[in-house]
Amino acid sequence: MAAASDGAGQGMVYTSQEIQDQVRCFVQGSTYKSKVSCEELAKSALFLLRTLPSARHAVLEHLCTVFDESVNTHVLQIELGSTISSTAMPNLDSVIQDSSGFLMSFIKINPGAWAPIISSWSINLLGHISSKYAERRGALHASGFNELLQMWMTCTATKTLIDLASECFASLIGSSPDVCVDALLEASVKYSPHFDWVVAHLGSCFPQTIITRVLMCGLKDFCYHGSSQSDAAISSVQNIPKMASVVGILGHLAGQHGQDIRKALLALFRDSLRPDAERLQQSTTPFLLHLASMSSMLLHVLTTDFVHTLTPDILNKLAYQFVQQKSPSLQDSKSLLSLVVHLITKSGEGAYRVIQFLLDVTDLNCEKELVPEVRATCAIILDTLVLDLQRIVHRRCADPSTELPILQALQSNALKLCTNLVTHGDTRQKRLTKLLCYVAIYSGESCASDILAHVLIHSREINELSAFVQMTTELETRYPDILPTTVGVAINKLQQFNMLDGGMMLKGLLNVVQWERNSVHQDSKDKISVSRCLQDHIPAIATQLSHSDPITCLAAIQLLAEIRMHKMSTSNVTRICGAFVTFFFKVLKSKDAVYVASALSCCREVVKQLTRSPTASNTLLRFLMEGATAEENAVLLGGREQLSGLSTSDINQLEPALLNANREHSVSLALPRAHSSVFHAGIIGQGLKTRAVGLLLTKEKELANKQAFLGLVWICCCGNAQSQNPSVLQKDGNEPFAGTIHNIRLLPAALNYLAKCLVELTAPDVVYNALHWPEEEFMKVTIERDLQIKKTFDSNPVLWDVMDLISTGPSSLCFCSCIIRGIMATLIAYWDSSRDKMARNSPKQLEASCRLLDCMAKGGFLPVPLCYVGELFPILSPFEVYQLLLNVWRYMKDNPPIPDTEDIQIARDCDVKYTQTIRAVLHSNIDSQGQHYARFFSAEPHQPQPQ
Amino acid sequence: MDNLRLHYLQQLDFPECTKVGLQHIEEYLSQGSQRSGGGGRIPGLGGSTSDNPAQQIAQEFVFFHTSRRPYHQRLSAIQELQVLEILCNHFHEQRDSKKAMALFDVLFGNAGQLEVLCRLVSMGVAVQCKSLLYCAAIWMELQGCTSPNPTKLCKMLVDDYCLLVPSATSVLCGLPHISRRFTCNFMTSVTSLYPFSGDQCPPYALVEMITEWINKDPGLGLVSLTPADKSVIQKTQGRYGQVAQPWLSKVQTPIPGLAHWCIVAPLTQEAIRAKLDNRHGETAMETEHTNNTESKNLQIYSKLNVGIIQTMVSVNPEQSKIYLAMQDMFLLVKTVTGLIQQIANPTENDSVQTALDRLGQFFQVAKGTGGLQCDKGDLSRMCQSLPSNRFLEILQQQTEAS
């Protein structure tokens, strides 16, 4: 009697009469034979529960009706608002509480005996109740799963029941979890949709056990059905009732216990790979696949988490298992494979990983030790997948509503795939190309162009290029305008990209363009080509010329050289020219000869392209001139004056850093006022900026630079002429300046413009820029200005060459009249004051004088004897030079240069008064210069003799 | 006439039809007894169940196992309880044990309604229905107390009263007051239910209860030795035919089973303790707990042992019957040997010695009171496989001396 005092009993021994009375009372009450009050009935029920064990079935059945009634009231209350007051069923709740208290105490005292009884009772009752009231209006309001749960949990009866059930579970879970889970599953199958909330609730109370058990139950069921139906198993998987409820339960638990589910699935999978796995466990993999086919959540787990675990070792094991276990009939394995493919097409987030995995496995270059079967199988899967996708994607054109999760997911990873395509060469290219095509087709034109652009700008090798071409061909069938868009996207990227990638991207573009040039034939002229598309983006490419990375710049200039430029707006022309000229001078600074050579040849090509329009050639000329006279570039072209004062500073730092920094901004799109766009004036704390220094160039380098510069200027001045005579140009590509002047006429207009530029750059003001030459005395007025002009020429020796070039034009030099005048005036003043014995003792001045006269002669300013005076200077004394120059001045004063004249040399004639000085000078030096006399005078017998 | 009855019953509503049905069965049986008393019916030939009207009524109106009443396809649990109540009442009011037994035989004779029978007996215990339990006791004897059906019945009772509703154990405690015969058969069945194989020990409450019964009433274990009233069984003779025969020749008593418990219990305890010792890391509290239950168990089993010996001693020499066969003894020894083999160093182990002492006692008393017939060499053959024990050795010497 030790146990008699436990729990519910009061330790009293009831007489048989009492028990009989209570039985009678209970039976009468519960069968409504006589009116027994609710409380009394409950009392006798509970009495019987603890005194008459054999009556427990009846009591529990009675409790069923009590709970049912309570739920009914609850639902009624919901339906009618609270109009039905609780008076109608006053004590139902207390009855429920009492009885649940009893049952709870029973479970606590002897869980082994009571828990199975009560758990199956409560679960069945819950199932019954929830399906019974599911159609009621009150329950219908709770449409969502959570609301349903909410509704049932607020109802006392159901809450009590579920508490009881979970108590039973708690006590059974340690010893025999199969019992409760089986009951749960059966109920779940029986009362399918309405019972879900119970499963979910219980599941969330015991996630670990429930999930594992549910999976095991499913596996058993799957095995059983699978083996009994053999071939038809795959198709009829949906018919296995427990599978559905397994999936349903897991689906409910996924929200809160996703991690647990994940773990359980992984554990299941891992167990199946143990060497001692049973036959049941060996069919885990097909089971999991089928599960996944029924639930996207599980599929997600499978695709995201499982792929990580599939190491070569495991794959080999799986292959072995598959071969061993099934000795598969061909059809069976086929259907399994098609299931896998189907799942992959359905996979969402993890799709990228899956694809990546499959590619890795099929890639023969991977040194993983895989069984050949695995590799072959993966290849089959991948190929089937590609085919399937092709079918679906193209069918989707007709019906755009079709969803294709894999492509959706791959869309976001498309660029990674592209990178894959680029980095992993040949082996996976074919499949990847196809795959990318379908992704592109699926996700619309903008994404397609993104993908294409990515491939385009990353393709370096020829086979990657082929991928691009393939994809373009395929995509153009769907999106005819894809190419321009793609190029646009690529160019946009170019501007967003950070500094380093630009070169690569441009290289990619360059590859394509070069390929097109080499392969595009006459018949395909109508076809849209990349280079044609690029024509719209020339300014953007040109901005890359200012890039700090020389490779990028080179790529940009090469690309520009490949593109045929058409008419552009002035602003674009200005931008392009500006960038180009900056680049050009940067190239000159470079010490890498190969780089310089290739860059310069491209530069010439670009200039040729640019100068098709006169505006462009003028702008270019102007920028070139400005660049040449700019302080930092002067050194490159032979300017030496500045160097004298700067010997102490660092040699390498040629350009002002700040200017460079600000130039960088032009590479990317104009930024809003960010700190990076603010021009700053140096670094605080480092004091004054150190003066920049030029580098000392060799004479050869200087000459080469000069030649390059003048070459460009020359091309500019050629204008359209080159197109009329391309063969000449072709021949002189490297040496455009030497001796070709007479073959090709330079454009007078261009030369005029050049001349005006020169004036503008050298003359400090416009006041005395008239063409005519004033009195000699007037030199004293303009002395400062003249000195300045001379100084400019001294510091930029290349200007002499430019002037030389100008002088080849018929009357272009006229515009330089004021400069010539200024230099002349300076020289006259110098020689006037010079007290040297010989003019040759002042070599600089002498050279200047000679060159000046040479130019004037070439430009047709001077008639025959006058034009030769320069030749005499080296042997003359300064005074004689002075005299001769003055003579020239006088001639010029009387015969000012007239630009309109067609042929100056015919119009100009030398008056005798101008030759007298020459004659006198020759006479005084007749001892040494006798042989020259004839050159000056005897050649013209008709010339009038001096009086 | 039979059809008329059935038809009449079919007109009645549920509880009524059962009540009236029972009356009709009784009526029919009493008529039948008259008829069979006239020798009209040959036992074992005429009584096929399907066309026996009593059986028909029982099936249709007590168990509701018929296709003829679709609306009553299966009784609900409450209705079943109602039926049980009616049956209980009916047996309660039936003072004539012959009639009661006849009715019982019609209802449960072919063991088709074991479930209902179990519940009915369980309820009968609670409501102290003497005649019902008497019938049940006879039924058990007819079936053979250790055969599956009676064992199942007893298991149900143990489950109900000892496991599920511990508060109702007191009801079961009063069992001897209701029916001594049933109690005796119950004990016999129960001992076969828990053979102490492995870890399956009988519930403590049950052992405690049985010990109390036996100690209070030493004759209780021998009730089944007294044959039941022949006339009661006569009617059922025809049905059981061959099954009834062993009952007449060999009577089953709880004594061998209970002795088995007492002898094996210390050994099992030892095995459990050894197992616990192997499992380290037990807290002091747990150890204490196991120690407590152990000492409690030891106590109760030695008490039970005393009870059994008393019972055996109380056998009236005139009526004494052989309740123990030498085969049983050998079987017991075999079990004991098996258990001892699992214990290290058996000769010095207290539990082993206790078990052997009890074995010796049991053998001695059984032999002395005439419950066991054996040859001279039997004891020494018995002791061959057992470790040495002082008491057994003395016994052997005595046997040899005599």
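This is a predicted model: local features need pLDDT of at least 70, side-chain atom pairs count only at pLDDT 80 or more; totals for chains, interfaces and linings use all residues.
**Exercise 1. Work out how much space the largest pocket holds and what lines it.**

Start with the volume: the largest pocket takes in about 1100 Å³. Here a pocket is an open set of points on a 1 Å grid over the protein atoms alone, where a 1.4 Å probe fits, with protein on both sides within 12 Å along at least five of seven lines. The volume is the space filled by probe spheres set on the points, which are joined across faces, edges and corners.

Residues are numbered from 1 along each chain as its sequence is written, chains are lettered from A and ligands numbered from 1 in the order written, and side-chain values use heavy atoms, leaving out hydrogens and water.

Next, the lining (residues with an atom within 4 Å of a point). It has 40 residues, and nearest the centre sit A:Thr285, A:Leu318, A:Val340, A:Thr377 and A:Ile381. On chain A, the elements giving two or more residues are H14 (284–294), H15 (296–309), H16 (312–326), H17 (330–346), H18 (351–362) and H19 (372–396). Helices are DSSP runs (H or I, at least four residues), numbered from the N terminus. H16(A) gives the most, with nine residues.

Last, sort by class: 30 nonpolar, nine polar and one charged. Ala, Val, Leu, Ile, Met, Phe, Trp, Tyr, Cys and Pro count as nonpolar, Asp, Glu, Lys and Arg as charged, and the others, Gly among them, as polar.

**Exercise 2. Describe the interface of chain A and chain B.**

First, contacts (heavy atoms within 4.5 Å): 35 residues of chain A meet 26 of chain B.

Then area: about 2800 Å² is buried, with 65% from carbon and sulfur atoms. That is accessible area (1.4 Å probe) lost on putting the two parts together, summed over both.

Now look for a salt bridge (a side-chain nitrogen of Lys or Arg within 4 Å of a carboxyl oxygen of Asp or Glu). There's one between these chains: A:Arg56 with B:Asp160, closest N and O atoms 2.9 Å apart. On chain A's side, H1(A) gives the most residues, eight.

**Exercise 3. Find what B:Glu80 pairs with, and say what the pair ties together.**

Over all chains, the search turns up 22 salt bridges. In one of them, B:Glu80 meets B:Arg119 at 2.1 Å, N to O. B:Glu80 is in H4 (77–93) of chain B and B:Arg119 in H6 (114–127) of chain B, so the pair ties together parts 39 residues apart in sequence.
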